[in-house]
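Please read these notes with the model open.

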Amino acid sequence: MRIVIVGGVAAGMSAAARARRHDESAEIIVLERGPEVSFANCGLPYHVGGEIPHESSLLLHTPETLRAALNLDVRTGHDVTAIDTATKTVTVASASGVEDMTYDALILAPGAAAIRPPLPGLDSPRVRTLRTVSDAVTIKSWVDEGARRGVVLGAGFIGLEAAEALRHRGLEVDVVELAPHVLPPLERELASVVTTQLTNLGIRVHDGVAAERVDHGADEDVVVLGDGTRIPADLIVLSVGVRPDTAFVEAAGIETVRGAIVVDAHGRTSAPDVWAAGDAAMSTDAVTGVQRPVPLAGPANRAGRLIADDIFGMTGARAIPEPVGTAIVRVGEITAAMTGANRAALDAAGIAYTTLHLHPMQHAGYFPGAATVHLIVHVADDDGRVLGAQAVGYEGIDKRIDVLATAIRAGLPATDLMDLDLAYSPPYGQAKDPVNLVGMVAENVQNGRLKLWYADELDRMRENALILDVRTPREFASGHIEGSLNIPHTELRERIDEVREAAQGRPVAALCAAGVRSNIAYRILVGNGFDAASLSGGIQTLRQWWGTEAADILVREKVTA
(Lines give C-alpha, C1' and ligand atoms only; values in the text may rest on other atoms or scores of the structure.)
Protein backbone atom coordinates (compact mmCIF):
# COMPACT_ATOMS: atom_id res chain seq x y z
CA MET A 1 0.00 0.00 0.00
CA ARG A 2 1.29 3.46 -0.87
CA ILE A 3 0.04 6.36 1.21
CA VAL A 4 0.95 9.82 -0.07
CA ILE A 5 0.62 12.70 2.37
CA VAL A 6 0.65 16.29 1.13
CA GLY A 7 2.00 18.51 3.90
CA GLY A 8 3.73 17.74 7.15
CA VAL A 9 3.74 19.55 10.52
CA ALA A 10 0.59 18.73 12.55
CA ALA A 11 -2.08 16.78 10.64
CA GLY A 12 0.23 15.29 8.03
CA MET A 13 2.86 13.98 10.40
CA SER A 14 0.29 12.66 12.88
CA ALA A 15 -1.34 10.71 10.06
CA ALA A 16 2.01 9.39 8.87
CA ALA A 17 3.12 8.23 12.32
CA ARG A 18 -0.21 6.55 13.04
CA ALA A 19 -0.25 4.86 9.62
CA ARG A 20 3.15 3.35 10.27
CA ARG A 21 1.98 1.94 13.58
CA HIS A 22 -0.90 0.29 11.71
CA ASP A 23 1.19 -1.28 8.95
CA GLU A 24 4.92 -1.90 8.97
CA SER A 25 4.96 -2.76 5.28
CA ALA A 26 3.09 0.29 3.89
CA GLU A 27 5.01 2.75 1.75
CA ILE A 28 4.40 6.16 3.34
CA ILE A 29 5.59 9.22 1.42
CA VAL A 30 5.29 12.74 2.87
CA LEU A 31 5.59 15.59 0.37
CA GLU A 32 6.34 18.95 1.97
CA ARG A 33 6.69 22.14 -0.06
CA GLY A 34 8.87 23.91 2.53
CA PRO A 35 12.30 23.08 3.95
CA GLU A 36 11.01 21.74 7.28
CA VAL A 37 8.50 18.94 7.65
CA SER A 38 8.03 18.98 11.41
CA PHE A 39 8.58 22.22 13.31
CA ALA A 40 7.11 24.04 16.29
CA ASN A 41 5.12 26.72 14.44
CA CYS A 42 3.47 27.77 17.70
CA GLY A 43 6.92 28.52 19.11
CA LEU A 44 7.99 30.93 16.37
CA PRO A 45 7.16 34.19 18.21
CA TYR A 46 9.11 33.00 21.24
CA HIS A 47 12.21 32.50 19.11
CA VAL A 48 11.86 36.07 17.88
CA GLY A 49 11.56 37.23 21.49
CA GLY A 50 14.59 35.23 22.62
CA GLU A 51 12.79 32.89 25.02
CA ILE A 52 13.60 30.02 22.66
CA PRO A 53 17.16 31.08 21.86
CA HIS A 54 18.16 28.41 19.36
CA GLU A 55 16.58 27.87 15.95
CA SER A 56 17.31 24.16 16.28
CA SER A 57 14.86 23.91 19.18
CA LEU A 58 12.03 24.65 16.74
CA LEU A 59 12.90 21.66 14.54
CA LEU A 60 11.08 18.69 16.03
CA HIS A 61 12.03 16.12 13.40
CA THR A 62 13.99 15.92 10.16
CA PRO A 63 13.54 13.57 7.21
CA GLU A 64 16.45 11.57 8.59
CA THR A 65 15.04 11.16 12.10
CA LEU A 66 11.63 10.26 10.71
CA ARG A 67 13.12 7.60 8.46
CA ALA A 68 15.11 6.16 11.34
CA ALA A 69 12.22 6.09 13.78
CA LEU A 70 9.22 5.36 11.55
CA ASN A 71 10.65 4.40 8.15
CA LEU A 72 8.90 7.35 6.51
CA ASP A 73 9.95 8.67 3.12
CA VAL A 74 9.86 12.41 3.78
CA ARG A 75 10.66 14.71 0.89
CA THR A 76 11.02 18.42 1.61
CA GLY A 77 11.05 20.96 -1.20
CA HIS A 78 8.38 18.93 -3.01
CA ASP A 79 5.33 20.91 -4.12
CA VAL A 80 2.18 19.06 -5.16
CA THR A 81 0.75 21.10 -8.02
CA ALA A 82 -2.05 18.85 -9.28
CA ILE A 83 -4.18 15.82 -8.43
CA ASP A 84 -5.80 13.40 -10.87
CA THR A 85 -8.37 11.50 -8.84
CA ALA A 86 -9.31 9.28 -11.78
CA THR A 87 -5.81 7.86 -12.20
CA LYS A 88 -4.98 8.34 -8.48
CA THR A 89 -1.92 10.40 -9.34
CA VAL A 90 -0.36 13.59 -7.95
CA THR A 91 1.98 15.87 -9.87
CA VAL A 92 5.01 16.93 -7.84
CA ALA A 93 7.47 19.73 -8.61
CA SER A 94 10.90 19.79 -6.99
CA ALA A 95 14.45 20.88 -7.71
CA SER A 96 14.85 17.63 -9.63
CA GLY A 97 11.97 18.42 -11.97
CA VAL A 98 8.33 17.40 -12.29
CA GLU A 99 7.08 13.87 -11.71
CA ASP A 100 3.79 12.03 -11.41
CA MET A 101 3.31 9.83 -8.39
CA THR A 102 0.56 7.27 -7.86
CA TYR A 103 -1.18 6.62 -4.57
CA ASP A 104 -3.50 4.09 -2.98
CA ALA A 105 -4.54 6.57 -0.31
CA LEU A 106 -3.99 10.33 -0.42
CA ILE A 107 -4.06 12.58 2.65
CA LEU A 108 -4.28 16.31 2.04
CA ALA A 109 -2.78 18.45 4.81
CA PRO A 110 -1.47 21.49 2.94
CA GLY A 111 -2.31 23.88 5.76
CA ALA A 112 -3.13 27.54 5.38
CA ALA A 113 -1.44 30.50 3.75
CA ALA A 114 -1.14 33.97 5.24
CA ILE A 115 -3.65 36.46 3.87
CA ARG A 116 -1.96 39.34 2.06
CA PRO A 117 -4.50 42.14 1.56
CA PRO A 118 -4.19 44.39 -1.51
CA LEU A 119 -2.39 47.06 0.46
CA PRO A 120 -0.12 49.46 -1.46
CA GLY A 121 3.46 49.05 -0.35
CA LEU A 122 3.02 45.61 1.22
CA ASP A 123 5.75 44.34 -1.10
CA SER A 124 8.34 46.14 1.01
CA PRO A 125 11.30 43.95 2.01
CA ARG A 126 10.68 45.08 5.59
CA VAL A 127 7.32 43.23 5.64
CA ARG A 128 7.27 39.62 6.82
CA THR A 129 4.68 37.09 7.92
CA LEU A 130 5.37 34.77 10.88
CA ARG A 131 4.45 31.33 9.57
CA THR A 132 7.73 29.46 9.09
CA VAL A 133 11.06 28.94 10.80
CA SER A 134 12.61 31.11 8.09
CA ASP A 135 10.19 33.92 8.95
CA ALA A 136 11.13 33.75 12.63
CA VAL A 137 14.85 33.60 11.92
CA THR A 138 14.65 36.57 9.55
CA ILE A 139 12.66 38.76 11.94
CA LYS A 140 14.97 37.84 14.80
CA SER A 141 17.99 38.75 12.68
CA TRP A 142 16.48 42.18 11.95
CA VAL A 143 16.10 42.74 15.68
CA ASP A 144 19.62 41.47 16.38
CA GLU A 145 20.95 43.87 13.76
CA GLY A 146 19.41 46.91 15.43
CA ALA A 147 15.78 47.31 14.41
CA ARG A 148 14.19 49.77 16.84
CA ARG A 149 10.57 50.13 15.71
CA GLY A 150 8.15 47.38 14.80
CA VAL A 151 4.59 47.49 13.53
CA VAL A 152 2.31 44.47 13.73
CA LEU A 153 -0.65 44.43 11.34
CA GLY A 154 -3.33 42.31 12.98
CA ALA A 155 -4.04 41.79 16.68
CA GLY A 156 -5.07 38.15 16.66
CA PHE A 157 -3.21 35.45 18.57
CA ILE A 158 -0.05 35.43 16.43
CA GLY A 159 -0.09 39.20 16.10
CA LEU A 160 -0.14 39.74 19.86
CA GLU A 161 2.52 37.10 20.42
CA ALA A 162 4.70 38.83 17.83
CA ALA A 163 4.08 42.25 19.41
CA GLU A 164 4.97 40.93 22.85
CA ALA A 165 8.13 39.29 21.48
CA LEU A 166 9.30 42.49 19.78
CA ARG A 167 8.58 44.55 22.87
CA HIS A 168 10.45 41.99 24.99
CA ARG A 169 13.46 42.66 22.76
CA GLY A 170 13.19 46.39 23.45
CA LEU A 171 11.56 47.64 20.26
CA GLU A 172 8.96 50.36 20.10
CA VAL A 173 5.86 48.49 18.98
CA ASP A 174 2.55 49.54 17.42
CA VAL A 175 -0.30 47.09 16.81
CA VAL A 176 -2.94 47.86 14.18
CA GLU A 177 -6.29 46.04 14.19
CA LEU A 178 -9.21 46.73 11.87
CA ALA A 179 -11.75 45.15 14.25
CA PRO A 180 -13.13 47.23 17.14
CA HIS A 181 -10.75 45.61 19.62
CA VAL A 182 -7.71 43.36 19.88
CA LEU A 183 -8.21 39.59 19.83
CA PRO A 184 -11.49 39.87 17.88
CA PRO A 185 -12.87 36.47 19.04
CA LEU A 186 -12.56 37.66 22.65
CA GLU A 187 -15.60 39.37 24.13
CA ARG A 188 -15.44 43.14 24.25
CA GLU A 189 -15.24 43.42 28.02
CA LEU A 190 -12.30 41.02 28.29
CA ALA A 191 -10.51 42.49 25.28
CA SER A 192 -10.32 45.80 27.14
CA VAL A 193 -8.30 44.04 29.88
CA VAL A 194 -5.87 42.79 27.22
CA THR A 195 -5.61 46.28 25.71
CA THR A 196 -4.74 47.69 29.13
CA GLN A 197 -2.01 45.10 29.53
CA LEU A 198 -0.59 45.93 26.09
CA THR A 199 -0.53 49.60 27.04
CA ASN A 200 1.21 48.75 30.30
CA LEU A 201 3.85 46.91 28.28
CA GLY A 202 4.43 50.07 26.28
CA ILE A 203 2.76 48.74 23.13
CA ARG A 204 0.61 51.27 21.29
CA VAL A 205 -2.74 49.88 20.15
CA HIS A 206 -4.60 51.26 17.12
CA ASP A 207 -7.92 49.40 16.98
CA GLY A 208 -10.95 50.04 14.82
CA VAL A 209 -8.74 51.47 12.09
CA ALA A 210 -7.24 50.06 8.90
CA ALA A 211 -3.74 50.35 7.53
CA GLU A 212 -4.07 52.13 4.18
CA ARG A 213 -0.58 51.76 2.77
CA VAL A 214 3.09 51.26 3.50
CA ASP A 215 5.36 54.05 2.27
CA HIS A 216 8.83 52.78 1.45
CA GLY A 217 11.91 54.67 2.55
CA ALA A 218 15.65 54.23 2.38
CA ASP A 219 16.12 53.99 6.15
CA GLU A 220 12.63 53.04 7.28
CA ASP A 221 9.08 52.43 6.08
CA VAL A 222 6.03 54.32 7.26
CA VAL A 223 2.70 52.60 7.88
CA VAL A 224 -0.14 55.02 7.12
CA LEU A 225 -3.47 54.39 8.86
CA GLY A 226 -6.96 55.35 7.77
CA ASP A 227 -7.16 58.06 10.41
CA GLY A 228 -4.01 59.70 9.09
CA THR A 229 -1.64 58.33 11.72
CA ARG A 230 1.86 57.70 10.36
CA ILE A 231 3.95 55.03 12.11
CA PRO A 232 7.67 54.68 11.28
CA ALA A 233 8.80 51.05 11.07
CA ASP A 234 12.09 49.20 10.75
CA LEU A 235 10.13 45.96 10.42
CA ILE A 236 6.48 45.07 9.82
CA VAL A 237 4.87 41.79 10.82
CA LEU A 238 1.83 40.91 8.71
CA SER A 239 -0.64 38.83 10.70
CA VAL A 240 -4.16 39.55 9.45
CA GLY A 241 -5.34 35.96 9.18
CA VAL A 242 -4.98 32.83 7.07
CA ARG A 243 -6.86 31.03 4.31
CA PRO A 244 -6.79 27.37 3.24
CA ASP A 245 -3.91 26.74 0.83
CA THR A 246 -5.96 24.61 -1.56
CA ALA A 247 -5.85 26.00 -5.11
CA PHE A 248 -4.51 22.68 -6.44
CA VAL A 249 -7.27 20.80 -4.61
CA GLU A 250 -10.02 22.95 -6.08
CA ALA A 251 -8.51 22.54 -9.55
CA ALA A 252 -8.77 18.77 -9.12
CA GLY A 253 -12.53 19.03 -8.68
CA ILE A 254 -12.50 17.98 -5.04
CA GLU A 255 -15.33 19.74 -3.22
CA THR A 256 -14.39 22.85 -1.28
CA VAL A 257 -16.32 25.67 0.34
CA ARG A 258 -14.64 29.08 0.57
CA GLY A 259 -11.38 27.28 -0.11
CA ALA A 260 -11.74 24.73 2.70
CA ILE A 261 -11.86 21.07 1.75
CA VAL A 262 -15.23 19.48 2.54
CA VAL A 263 -14.85 16.26 4.55
CA ASP A 264 -17.12 13.80 6.34
CA ALA A 265 -16.84 12.67 9.95
CA HIS A 266 -13.81 10.52 9.12
CA GLY A 267 -11.97 13.09 7.01
CA ARG A 268 -13.01 11.63 3.65
CA THR A 269 -13.29 14.12 0.79
CA SER A 270 -15.62 14.01 -2.20
CA ALA A 271 -12.97 12.03 -4.13
CA PRO A 272 -12.46 8.31 -3.50
CA ASP A 273 -9.43 7.35 -1.41
CA VAL A 274 -8.66 10.98 -0.60
CA TRP A 275 -8.76 12.33 2.95
CA ALA A 276 -8.05 15.81 4.33
CA ALA A 277 -7.28 17.34 7.72
CA GLY A 278 -5.80 20.38 9.39
CA ASP A 279 -6.07 24.07 8.59
CA ALA A 280 -7.20 23.37 5.01
CA ALA A 281 -10.14 21.14 5.95
CA MET A 282 -13.67 22.20 6.80
CA SER A 283 -14.87 21.50 10.35
CA THR A 284 -18.30 21.66 11.93
CA ASP A 285 -18.44 23.84 15.03
CA ALA A 286 -19.47 21.70 17.99
CA VAL A 287 -21.64 24.45 19.48
CA THR A 288 -23.20 26.34 16.57
CA GLY A 289 -23.06 23.75 13.80
CA VAL A 290 -21.46 26.31 11.49
CA GLN A 291 -18.95 24.93 9.01
CA ARG A 292 -15.55 26.62 8.96
CA PRO A 293 -11.87 25.72 9.05
CA VAL A 294 -10.31 25.71 12.52
CA PRO A 295 -6.59 26.55 12.23
CA LEU A 296 -5.48 25.09 15.56
CA ALA A 297 -2.72 22.55 16.23
CA GLY A 298 -4.66 20.30 18.62
CA PRO A 299 -7.59 19.48 16.32
CA ALA A 300 -5.19 19.02 13.38
CA ASN A 301 -3.06 16.48 15.26
CA ARG A 302 -6.07 14.50 16.41
CA ALA A 303 -7.70 14.51 12.97
CA GLY A 304 -4.53 13.19 11.30
CA ARG A 305 -4.37 10.29 13.70
CA LEU A 306 -8.03 9.37 13.20
CA ILE A 307 -7.75 9.53 9.41
CA ALA A 308 -5.03 6.89 9.53
CA ASP A 309 -7.36 4.69 11.57
CA ASP A 310 -10.06 5.08 8.91
CA ILE A 311 -7.68 4.32 6.03
CA PHE A 312 -6.71 1.01 7.59
CA GLY A 313 -10.30 0.08 8.38
CA MET A 314 -9.70 -0.04 12.10
CA THR A 315 -12.71 -1.63 13.76
CA GLY A 316 -14.75 1.05 15.45
CA ALA A 317 -12.63 3.87 14.03
CA ARG A 318 -13.70 6.99 15.86
CA ALA A 319 -15.14 9.98 14.05
CA ILE A 320 -13.12 13.20 14.05
CA PRO A 321 -14.54 15.25 16.94
CA GLU A 322 -16.17 18.55 16.15
CA PRO A 323 -13.84 21.24 17.52
CA VAL A 324 -14.86 23.67 20.24
CA GLY A 325 -12.04 26.07 19.34
CA THR A 326 -10.14 26.16 22.62
CA ALA A 327 -7.30 28.70 22.40
CA ILE A 328 -4.99 30.59 24.74
CA VAL A 329 -2.43 33.38 24.53
CA ARG A 330 -0.02 35.09 26.89
CA VAL A 331 0.09 38.88 26.79
CA GLY A 332 2.72 40.27 29.11
CA GLU A 333 1.82 39.17 32.63
CA ILE A 334 -1.72 38.04 31.84
CA THR A 335 -3.32 35.15 29.98
CA ALA A 336 -6.41 35.22 27.76
CA ALA A 337 -8.19 32.01 26.82
CA MET A 338 -11.46 30.92 25.26
CA THR A 339 -13.44 27.84 24.34
CA GLY A 340 -16.73 27.27 22.54
CA ALA A 341 -18.82 30.01 20.98
CA ASN A 342 -18.71 33.74 21.67
CA ARG A 343 -21.63 36.17 21.48
CA ALA A 344 -21.13 36.92 17.80
CA ALA A 345 -21.17 33.24 16.84
CA LEU A 346 -24.22 32.49 18.98
CA ASP A 347 -26.13 35.50 17.64
CA ALA A 348 -25.29 34.56 14.05
CA ALA A 349 -26.50 31.01 14.67
CA GLY A 350 -29.73 32.22 16.29
CA ILE A 351 -29.01 30.42 19.56
CA ALA A 352 -30.66 31.93 22.65
CA TYR A 353 -28.33 32.19 25.63
CA THR A 354 -27.66 33.91 28.94
CA THR A 355 -24.26 35.38 29.77
CA LEU A 356 -22.70 35.12 33.22
CA HIS A 357 -19.83 37.35 34.41
CA LEU A 358 -17.73 36.38 37.43
CA HIS A 359 -14.59 37.81 39.00
CA PRO A 360 -13.42 35.23 41.58
CA MET A 361 -9.87 34.75 42.86
CA GLN A 362 -7.77 32.01 41.28
CA HIS A 363 -6.89 30.66 44.73
CA ALA A 364 -7.81 31.32 48.34
CA GLY A 365 -7.99 35.05 48.96
CA TYR A 366 -6.08 34.81 52.22
CA PHE A 367 -3.13 33.06 50.55
CA PRO A 368 -0.45 35.44 49.18
CA GLY A 369 -0.65 36.18 45.46
CA ALA A 370 -4.41 35.88 45.02
CA ALA A 371 -5.46 37.39 41.70
CA THR A 372 -8.76 37.83 39.90
CA VAL A 373 -10.03 35.51 37.18
CA HIS A 374 -12.23 37.58 34.86
CA LEU A 375 -14.63 34.94 33.57
CA ILE A 376 -17.48 34.96 31.04
CA VAL A 377 -19.69 31.94 30.40
CA HIS A 378 -22.56 31.65 27.90
CA VAL A 379 -25.33 29.24 28.86
CA ALA A 380 -28.06 27.90 26.55
CA ASP A 381 -31.54 29.13 27.42
CA ASP A 382 -33.24 25.92 26.26
CA ASP A 383 -31.29 23.15 28.02
CA GLY A 384 -28.76 25.01 30.16
CA ARG A 385 -25.67 23.63 28.36
CA VAL A 386 -22.38 25.49 28.53
CA LEU A 387 -21.99 27.05 25.08
CA GLY A 388 -18.82 29.06 25.48
CA ALA A 389 -16.41 30.45 28.04
CA GLN A 390 -13.63 33.02 28.12
CA ALA A 391 -11.25 34.14 30.84
CA VAL A 392 -8.48 36.68 31.38
CA GLY A 393 -6.19 37.01 34.36
CA TYR A 394 -2.76 36.49 35.87
CA GLU A 395 -2.97 32.87 37.00
CA GLY A 396 -5.18 29.81 36.73
CA ILE A 397 -6.76 30.79 33.40
CA ASP A 398 -5.69 27.68 31.50
CA LYS A 399 -7.00 25.37 34.23
CA ARG A 400 -10.49 26.90 34.26
CA ILE A 401 -10.85 27.09 30.48
CA ASP A 402 -9.71 23.47 30.10
CA VAL A 403 -12.36 22.34 32.57
CA LEU A 404 -15.01 24.38 30.78
CA ALA A 405 -13.87 23.02 27.40
CA THR A 406 -14.38 19.54 28.81
CA ALA A 407 -17.85 20.53 29.99
CA ILE A 408 -18.73 21.76 26.49
CA ARG A 409 -17.42 18.54 24.92
CA ALA A 410 -19.46 16.48 27.38
CA GLY A 411 -22.60 18.57 26.85
CA LEU A 412 -22.83 19.33 30.56
CA PRO A 413 -25.50 21.68 31.85
CA ALA A 414 -23.90 24.69 33.50
CA THR A 415 -25.58 23.77 36.78
CA ASP A 416 -23.56 20.53 36.89
CA LEU A 417 -20.39 22.58 37.23
CA MET A 418 -21.15 23.21 40.88
CA ASP A 419 -20.82 19.48 41.53
CA LEU A 420 -17.36 19.04 40.00
CA ASP A 421 -14.82 17.78 42.53
CA LEU A 422 -11.83 19.94 41.61
CA ALA A 423 -8.40 20.01 43.23
CA TYR A 424 -8.21 22.39 46.17
CA SER A 425 -5.47 23.66 48.41
CA PRO A 426 -4.98 27.35 49.29
CA PRO A 427 -2.04 27.86 46.89
CA TYR A 428 -3.96 26.32 43.98
CA GLY A 429 -7.65 27.09 44.20
CA GLN A 430 -10.67 27.72 46.38
CA ALA A 431 -13.08 25.39 48.12
CA LYS A 432 -15.61 26.93 45.75
CA ASP A 433 -13.55 26.98 42.58
CA PRO A 434 -14.40 29.62 39.96
CA VAL A 435 -15.83 26.80 37.83
CA ASN A 436 -18.04 25.68 40.73
CA LEU A 437 -19.21 29.26 41.15
CA VAL A 438 -20.29 29.35 37.50
CA GLY A 439 -22.59 26.42 38.25
CA MET A 440 -24.01 28.12 41.32
CA VAL A 441 -24.73 31.38 39.52
CA ALA A 442 -26.22 29.47 36.59
CA GLU A 443 -28.56 27.61 38.93
CA ASN A 444 -29.67 30.84 40.59
CA VAL A 445 -30.46 32.38 37.21
CA GLN A 446 -32.21 29.31 35.81
CA ASN A 447 -34.34 28.83 38.92
CA GLY A 448 -35.36 32.49 39.04
CA ARG A 449 -33.46 33.27 42.23
CA LEU A 450 -31.34 35.81 40.36
CA LYS A 451 -32.24 38.19 37.55
CA LEU A 452 -29.40 39.90 35.72
CA TRP A 453 -28.94 43.15 33.87
CA TYR A 454 -25.93 44.00 31.72
CA ALA A 455 -23.44 46.81 31.19
CA ASP A 456 -24.71 47.47 27.67
CA GLU A 457 -28.16 48.20 29.14
CA LEU A 458 -26.87 51.13 31.18
CA ASP A 459 -28.72 53.85 29.28
CA ARG A 460 -32.02 51.97 29.53
CA MET A 461 -31.57 51.43 33.24
CA ARG A 462 -30.77 55.09 33.80
CA GLU A 463 -34.02 56.06 32.09
CA ASN A 464 -36.35 53.43 33.52
CA ALA A 465 -34.96 52.17 36.82
CA LEU A 466 -33.44 53.23 40.11
CA ILE A 467 -29.77 52.26 40.12
CA LEU A 468 -28.89 51.03 43.60
CA ASP A 469 -25.17 50.81 44.40
CA VAL A 470 -24.66 48.53 47.41
CA ARG A 471 -20.91 49.05 47.80
CA THR A 472 -19.32 50.90 50.69
CA PRO A 473 -19.26 54.72 50.63
CA ARG A 474 -15.53 54.68 49.91
CA GLU A 475 -16.01 52.36 46.95
CA PHE A 476 -18.93 54.48 45.77
CA ALA A 477 -16.78 57.61 45.87
CA SER A 478 -14.08 55.92 43.76
CA GLY A 479 -16.47 55.85 40.80
CA HIS A 480 -20.24 55.51 40.53
CA ILE A 481 -23.06 55.98 38.05
CA GLU A 482 -24.48 59.48 38.25
CA GLY A 483 -27.86 59.56 39.95
CA SER A 484 -27.46 56.18 41.65
CA LEU A 485 -28.45 55.62 45.26
CA ASN A 486 -25.73 54.29 47.58
CA ILE A 487 -26.84 52.01 50.40
CA PRO A 488 -24.32 49.34 51.48
CA HIS A 489 -25.81 45.85 51.35
CA THR A 490 -25.29 45.43 55.09
CA GLU A 491 -27.63 48.41 55.73
CA LEU A 492 -30.23 47.62 53.08
CA ARG A 493 -32.75 45.86 55.28
CA GLU A 494 -32.90 48.78 57.73
CA ARG A 495 -33.02 51.37 54.94
CA ILE A 496 -35.44 49.64 52.56
CA ASP A 497 -37.91 52.53 52.85
CA GLU A 498 -35.30 54.85 51.31
CA VAL A 499 -35.20 52.56 48.29
CA ARG A 500 -38.99 52.55 48.07
CA GLU A 501 -39.13 56.34 48.19
CA ALA A 502 -36.37 56.77 45.59
CA ALA A 503 -37.72 54.11 43.24
CA GLN A 504 -41.22 55.58 43.05
CA GLY A 505 -42.55 52.34 41.63
CA ARG A 506 -39.70 51.86 39.16
CA PRO A 507 -37.60 48.66 38.92
CA VAL A 508 -34.38 48.60 40.95
CA ALA A 509 -31.08 47.83 39.19
CA ALA A 510 -28.63 46.76 41.87
CA LEU A 511 -24.87 46.66 41.48
CA CYS A 512 -21.69 46.16 43.48
CA ALA A 513 -18.04 45.55 42.62
CA ALA A 514 -18.33 42.06 41.11
CA GLY A 515 -21.92 40.88 41.53
CA VAL A 516 -21.68 39.04 44.84
CA ARG A 517 -23.09 41.68 47.20
CA SER A 518 -25.66 42.81 44.65
CA ASN A 519 -26.95 39.23 44.58
CA ILE A 520 -27.57 39.50 48.32
CA ALA A 521 -29.21 42.86 47.75
CA TYR A 522 -31.35 41.37 44.97
CA ARG A 523 -32.76 38.74 47.33
CA ILE A 524 -33.55 41.44 49.93
CA LEU A 525 -35.24 43.61 47.30
CA VAL A 526 -37.33 40.76 45.91
CA GLY A 527 -38.28 39.75 49.43
CA ASN A 528 -39.62 43.26 49.92
CA GLY A 529 -41.72 43.21 46.77
CA PHE A 530 -39.41 45.08 44.36
CA ASP A 531 -38.95 44.32 40.68
CA ALA A 532 -35.16 44.07 40.74
CA ALA A 533 -32.10 42.83 38.88
CA SER A 534 -28.37 42.53 39.64
CA LEU A 535 -25.61 43.84 37.33
CA SER A 536 -23.78 40.84 35.86
CA GLY A 537 -20.15 41.12 36.94
CA GLY A 538 -20.74 44.39 38.77
CA ILE A 539 -18.75 47.58 38.30
CA GLN A 540 -15.72 45.53 37.21
CA THR A 541 -17.56 44.30 34.14
CA LEU A 542 -19.12 47.72 33.51
CA ARG A 543 -15.66 49.32 33.49
CA GLN A 544 -14.34 46.61 31.17
CA TRP A 545 -17.31 46.86 28.81
CA TRP A 546 -17.08 50.62 28.41
CA GLY A 547 -13.26 50.74 28.40
CA THR A 548 -11.92 54.27 28.06
CA GLU A 549 -15.49 55.63 28.06
CA ALA A 550 -15.93 54.44 31.66
CA ALA A 551 -14.03 57.50 32.88
CA ASP A 552 -16.82 59.69 31.51
CA ILE A 553 -19.62 57.43 32.79
CA LEU A 554 -18.48 57.01 36.39
CA VAL A 555 -18.43 59.97 38.76
CA ARG A 556 -15.59 60.23 41.25
CA GLU A 557 -15.79 62.05 44.58
CA LYS A 558 -13.14 63.24 46.99
CA VAL A 559 -12.90 60.84 49.91
CA THR A 560 -12.58 62.52 53.30
CA ALA A 561 -10.64 60.84 56.07
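How exposed is K451 in terms of relative accessible area? K451 has a relative accessible area of 42%, so K451 counts as partly exposed; buried means under 20% relative accessible area, exposed over 50%, and partly exposed in between, with a 1.4 Å probe and protein chains only.

1. Basis of the notes. This is a predicted model, in which local features need pLDDT of at least 70 and side-chain atom pairs count only at pLDDT 80 or more, while totals for chains, interfaces and linings use all residues. Residues are numbered from 1 along each chain as its sequence is written, and side-chain values use heavy atoms, with hydrogens and water left out.

2. Salt bridges overall. A salt bridge here is a side-chain nitrogen of Lys or Arg within 4 Å of a carboxyl oxygen of Asp or Glu. The count by this rule is 35 salt bridges.

3. K451 and D531. These two side chains form a salt bridge, with an N to O distance of 3.5 Å. K451 is in the loop between α11 (434-446) and β30 (452-453), and D531 is in the loop between α15 (516-527) and β35 (532-535), so the pair ties together parts 80 residues apart in sequence. Helices (H or I, at least four residues) and strands (E, at least two) are DSSP runs, numbered from the N terminus. D531 has 43% relative accessibility and therefore counts as partly exposed.

4. R18 and D309. The closest N and O atoms of this salt bridge are 2.6 Å apart. The pair links distant parts of the chain, with R18 in helix α1 (residues 11-22) and D309 in helix α8 (residues 297-311), 291 residues apart. R18 counts as buried because its relative accessibility is 13%. D309 is also buried, at 3%.

5. E189 and R343. A salt bridge joins their side chains at 2.5 Å, N to O. E189 belongs to helix α6 (residues 188-200) and R343 to helix α9 (residues 343-349); the pair links distant parts of the chain, 154 residues apart. Both residues, E189 and R343, are buried.

6. A network. Salt bridges also link R67, D73, R75 and E99 in a network.

7. T91. This residue is part of strand β7 (residues 89-94). Which residues does T91 contact, leaving aside its neighbours within four places in sequence? They are D79, V80, T81, A82, V98, E99 and D100, where contact means heavy atoms within 4.5 Å. The side chains of T91 and D100 are joined by a polar contact of 2.9 Å. A polar contact is a pair of N or O atoms within 3.5 Å; within protein, one must be able to donate a hydrogen and the other to accept it, and residues adjacent in sequence count only if both atoms are side-chain atoms.
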